[in-house]
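This report describes a protein model for a reader who has its sequence and structure at hand. Please look through both before reading on.

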Amino acid sequence: MPRISMTQDNLNERNTEFKQAPLTKPVFLNSVPKSGTHLLRNILRMFVPVGQQYHDDFIQIPNLRQHSRALHPDDPKLSWGHLLFSDESALATSLSHQILLVRDPHTWVLARARFFLSENFDGNLAHLRTRQYSAGELMNMMIFGIHGKAPTMSDIYTHNAAAWLGTGVKLYRYEELVSHLKDLNSERAEAYFAQLLTDCGIAVPDDWHARVIIGSDKAQSGTARDNLQVDDSRLPEELPDAQKRLVEFAAPGLRALLGYT
């Protein structure tokens with residue numbers, strides 16, 4: 001797996017500023033990679049005792065058996081990862097509250113390209129940073145994958161998102177999370193975060209607002225766009241129409257399935 005360089009946050013220390021109620025059931029934050037995983041994780045870390053947060057690793061299929069203790073009901077933990085659907089993963093998470101975070105495939109293509117272009121990504125695709133590749137070529141690689149090096153968008157969304165639907169997971173969309181963070185004083189935002197905490201089996205504390213502000217601070221996330229060391233001047237701010245059509249060709253019906261229109 002590629003090495004991802006990130007700065008250390010101080011959320012464990014900030015966590016102690018608040019009274020924390022212990023988890024009574026494991027909580028697993030599952031997500032499509034590059035869909036705001038660290039943002040959601042950091043917010044929820046402010047509502048769970050540090051001793052019940054599983055920081056050993058991101059849980060994925062290759063390391064699931066090694067880290068399955070994070071999902072054991074006898075010692076409830078808040079854990080996170082990119083766990084594709086399988087017989088083993090379904091069994092391992094069956095006794096947990098599971099949140100599934102996704103992102104609009106249109107913005108995901110750009111987010112994935114931006115990450116591959118960043119200095120924070122140290123893998124076998126560092127050559128993509130050369131300007132010999134056009135924006136169109138980079139975006140198409142994100143959609144169709146790179147043979148032997150990076151999976152297709154369809155494969156990622158099929159196994160990390162679509163296959164989990166209808167199993168009892170709670171589906172959340174990155175765009176809605178960000179929208180409510182921008183309007184945090186609204187009643188809609190209060191209802192949104194109350195539902196999120198409820199879906200995680202966490203009682204809503206009176207100081208939820210302050211906790212969300214600290215957890216969502218971009219400075220605490222090494223993978224936030226603002227903190228990536230990247231020259232993404234080749235990439236557009238919005239996915240071009242040609243690539244939007246290719247997304248629909250590569251994964252027809254995917255956006256509608258996830259609630260995007």
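Does Lys34 count as buried, partly exposed or exposed? Lys34 counts as partly exposed because its relative accessibility is 21%. Here buried means under 20% relative accessible area, exposed means over 50%, and partly exposed lies in between, with a 1.4 Å probe and protein chains only.

The structure is a predicted model, in which local features need pLDDT of at least 70 and side-chain atom pairs count only at pLDDT 80 or more, while totals for chains, interfaces and linings use all residues. Residues are numbered from 1 along each chain as its sequence is written, and side-chain values use heavy atoms, with hydrogens and water left out.

**The chain as a whole**

The protein chain has twelve helices and six strands. These are DSSP runs numbered from the N terminus: helices are H or I with at least four residues, and strands are E with at least two. The C-alpha trace spans about 55 × 40 × 35 Å along its principal axes. A compact globule of 261 residues would have a radius of gyration near 18 Å, and the protein chain agrees with this because its own value is 18 Å. The radius is taken over C-alpha atoms, and the globule rule is 2.2 Å times the number of residues to the power 0.38.

Of the 261 residues, 51% are buried. Contact means heavy atoms within 4.5 Å. Among contacts between residues at least 6 apart in sequence, 77% join residues at least 24 apart. The accessible surface of the protein chain is about 12700 Å², and carbon and sulfur atoms hold 51% of that surface. Such areas come from the Shrake-Rupley method with a 1.4 Å probe; for residues, only the protein chains shown count as cover.

The protein chain carries 27 positive and 30 negative side chains, and the centres of the two sets are 3 Å apart. Lys and Arg count as positive and Asp and Glu as negative, while His and the chain ends are not counted. Each charge is placed at NZ of Lys, CZ of Arg, CG of Asp or CD of Glu.

**Aromatic pairs**

The structure holds six aromatic pairs. Rings of Phe, Tyr and Trp (its six-membered ring) pair if their centres lie within 6.5 Å; planes under 30 degrees apart count as stacked, over 60 as edge-to-face and the rest as tilted. Two of the pairs are set out below.

| Pair | Centre to centre | Angle between planes | Type |
|---|---|---|---|
| Phe85 and Trp164 | 5.0 Å | 85° | edge-to-face |
| Tyr192 and Phe193 | 5.2 Å | 85° | edge-to-face |

Phe85 lies in the loop between β3 (78–81) and α4 (87–92), and Trp164 in the loop between α7 (153–160) and β6 (170–173), so their pair ties together parts that are 79 residues apart in sequence. Phe85 is partly exposed at 32% relative accessibility, whereas Trp164 is buried at 2%. Tyr192 and Phe193 are both buried. Ring pairs also link Tyr192 and Phe193 with Tyr172 and Trp208 in a cluster.

Most residues other than glycine have a negative phi. Lys34 is not a glycine, yet its phi is positive, at about 70°. Lys34 is in the loop between β2 (27–31) and α2 (37–45).

Which residues are buried in helix α6 (residues 135–144)? They are Ala135, Leu138, Met139, Met141, Met142 and Ile143. The elements that cover them include α5 (105–117), α7 and α11 (241–250). Just after α6, Gly145 has a positive phi of about 80°.

**Three further residues**

Leu254 is in helix α12 (residues 254–257) and is buried at 8% relative accessibility. Leaving aside residues up to four places away in sequence, Leu254 touches Pro105 and Tyr157. Leu254 and Tyr157 are 97 residues apart in sequence, and their C-alpha atoms are 8.1 Å apart.

Pro151 is in the loop between α6 and α7 and is partly exposed at 41% relative accessible area. With residues up to four places away not counted, Pro151 touches Arg112, Gly145 and Ile156. Pro151 and Asn185 are 34 residues apart along the chain, with their C-alpha atoms separated by 40 Å.

Glu237 lies in the loop between α10 (208–215) and α11. Glu237 is exposed, with a relative accessible area of 65%. From C-alpha to C-alpha, Glu237 and Asn185 are 28 Å apart, and in sequence they are 52 residues apart.
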